[in-house]
Amino acid sequence: MSSANYSIDVDPSRDLVRVRLSGFFTTEEIDHFEAELQREHRRLGCSRRGGPLTLNDLTGMSIQSQEVLARWDEFLRNPTHRSRRLALVVASALGRMQLQRIIGDRNARVFTDATEAEEWLFSGGEASAS
């Protein structure tokens, strides 16, 4: 039995998508999450502007298997749901290391503080590891 859980909240007035992921995911659960996120992106209608600003709270997420990390990497590289800017909030150093390996060339940054992450999203500053 999986312990994965997620929520997606959209704020159209700010072009903001807030995602909360927790637990241990299977590749099938990532597929379901990806489909729901794509629906929310279409509903938000910001693809013409380069995608939304996205704040991902991963503080409740367990360390993932290599198979699942490979699927998250595939997910992050999918251009159909790319974000203009992507802030990822983590609780552990190991989680940060896993994310920094799969972020790729995205305009993304990893944080341990949600307030700092949101400030960066709206600041227009450059992406760099924090």
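Reply: A crossing is called right-handed if the near helix is turned clockwise from the far one by less than a right angle, and left-handed if anticlockwise. The model discussed here is predicted, with local features needing pLDDT of at least 70 and side-chain atom pairs pLDDT 80 or more, while totals for chains, interfaces and linings use all residues. Residues are numbered from 1 along each chain as its sequence is written, and side-chain values use heavy atoms, without hydrogens and water.

The crossing of H1 and H2 is right-handed; helices here are DSSP runs of H or I with at least four residues, and strands are runs of E with at least two, numbered from the N terminus. The axes of H1 (residues 27-44) and H2 come within 9 Å and cross at roughly 20°, where axes are lines fitted to C-alpha atoms over the stretch in contact and angles run from 0 to 180 degrees between N-to-C directions. H1 is therefore roughly parallel to H2, a term for angles under 35 degrees.

In contact (heavy atoms within 4.5 Å), residues of H1 including Ile30, Phe33 and Leu37 meet residues of H2 including Val68, Trp72 and Phe75.

Asn78 lies in the loop between helix H2 (66-77) and strand S4 (85-89). Leaving aside residues up to four places away in sequence, Asn78 touches Glu34 and Gln38. The side chains of Asn78 and Glu34 make a polar contact at 3.0 Å, that is, a pair of N or O atoms within 3.5 Å, one able to donate a hydrogen and the other to accept it. Glu34 is also among the H1 residues that meet H2.

Notes: Parallel < 35°, antiparallel > 145°, perpendicular 65-115°, else oblique.
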